[in-house]
Amino acid sequence: MSFIVLCAGGHARVVIEALLSCGIHPAAVADRNVARIGEAIGGVKITGSDDDVLKMAADTVELANGLGNRASRSDSGLSGRRALFDRFAAQGYKFPVIAHASAVVASDAQLGDGAQVMAGAVIQPAARIGRNVLVNTRAVVEHDCIVGDHAHVAPGAVLCGGVSIGESVHIGAAAVVLVGVKVGAGAVVAAGAVVKKDVAAGGFAGNE
Ligand SMILES: CC(C)(COP(=O)(O)OP(=O)(O)OC[C@H]1O[C@@H](n2cnc3c(N)ncnc32)[C@H](O)[C@@H]1OP(=O)(O)O)[C@@H](O)C(=O)NCCC(=O)NCCS
């Protein structure tokens, strides 16, 4: 079974590193920009477009989502990453969980299809991580947290115990969400923010 990374951006290089740390050498990177075919990123060649991957039988390949996001105050910026995952998952393609060898994942934590746990991240007991979630470098998801599908917990962010994060939420780098706080779907938490109370769906929590 060969492994293909979708989208040749900066996040793809982080994904490739995580795969290499587990002894998996991706066979190829695919990018919708056909002008990039022939380039290499992270030591892996861009061999074709997304459409070329869709010509391969779904049971002959495993995929990794290499698309990152750029959040703004009013938009978590995660729709592209979600659309890429949904496009291929709907056709039966598999996105295995990827956890960097240096990540710590509790034995009873649950991780959905395509969840990515990057270098140095820690996921503690009874945490439930949804599909296509990105728990980025050195982020911490404490015990009993729930992280909705397609969310991004950015580098160094900390979700304290029992926090609940909705779908497609962006938790900014080094933010801290305090015990039991709920963050509604699509909300954005600024880098470095300390979130003490619930955030509405589509809402914003910044540095006060
Ligand atoms: C909060 C954040 C999303 C704002 O991005 P943005 O919308 O592009 O920011 P802008 O500079 O255009 O500011 C838009 C508004 O939000 C306000 N704002 C920006 N950062 C803020 C913060 N940290 N706290 C409170 N308000 C903030 C600005 O003052 C501005 O308000 P105004 O319209 O009244 O002037 C961004 O600063 C951030 O923290 N991004 C997360 C980065 C991250 O986690 N990266 C991980 C990559 S792996």
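Y93 is buried at a relative accessible area of 6%, where buried denotes under 20% relative accessible area, exposed over 50% and partly exposed the range in between, with a 1.4 Å probe and protein chains only. The model is predicted, so that local features need pLDDT of at least 70 and side-chain atom pairs count only at pLDDT 80 or more, whereas totals for chains, interfaces and linings use all residues. Residues are numbered from 1 along each chain as its sequence is written, and side-chain values use heavy atoms, with hydrogens and water left out.

The structure holds two aromatic pairs. Rings of Phe, Tyr and Trp (its six-membered ring) are taken to pair if their centres lie within 6.5 Å; planes under 30 degrees apart count as stacked, over 60 as edge-to-face and the rest as tilted. F85 and F95 form a tilted pair, with 4.6 Å from centre to centre and 45 degrees between the planes. Because F85 belongs to helix α3 and F95 to the loop between α3 and β6, this pair ties together parts that are ten residues apart in sequence. Helices (H or I, at least four residues) and strands (E, at least two) are DSSP runs, numbered from the N terminus. F88 and Y93 make up an edge-to-face pair, at 5.7 Å centre to centre and 75 degrees between the planes. F88 is buried, with a relative accessible area of 0%.

Strand pairing was assigned where DSSP finds at least two bridges between two strands. Strand β1 (residues 2-6) runs parallel to β5 and is joined to it by five bridges. Within this pairing V5 stands opposite A64, and the bridge partner of L6 in β5 is N65. Strand β1 also runs parallel to strand β2 (residues 28-30), to which three bridges join it; here V5 stands opposite V29. Four of the five residues of β1 are buried, so this strand is largely enclosed by the rest of the structure.

V153 has I171 of β18 as its bridge partner.

N132, with phi near 60 degrees, lies in the loop between β11 (128-129) and β12 (134-135). N132 is buried at a relative accessible area of 0%. S168, with phi near 55 degrees, is found in the loop between β17 (164-165) and β18. S168 is likewise buried, with a relative accessible area of 11%.The ligand is surrounded by 16 residues, the closest being R73, H170, A173, A191 and N207; a residue is near a molecule or strand if one of its heavy atoms lies within 4 Å of it. The shell around the ligand divides into seven nonpolar, seven polar and two charged residues. In this division Ala, Val, Leu, Ile, Met, Phe, Trp, Tyr, Cys and Pro count as nonpolar, Asp, Glu, Lys and Arg as charged, and the others, Gly among them, as polar. A backbone N or O atom of R73 lies 2.8 Å from an oxygen atom of the ligand, and a backbone N or O atom of A173 also lies 2.8 Å from a ligand oxygen atom. For N207, a polar side-chain atom lies 2.3 Å from a nitrogen atom of the ligand. Taken alone the ligand exposes 940 Å², of which the protein buries 47%; accessible areas come from the Shrake-Rupley method with a 1.4 Å probe, and for residues only the protein chains shown count as cover. A polar contact is a pair of N or O atoms within 3.5 Å; within protein, one must be able to donate a hydrogen and the other to accept it, and residues adjacent in sequence count only if both atoms are side-chain atoms.

S72 is found in the loop between β5 (61-65) and α3 (79-89). S72 is partly exposed, with a relative accessible area of 32%. S72 and S2 are 70 residues apart in sequence and 35 Å apart in space, C-alpha to C-alpha.
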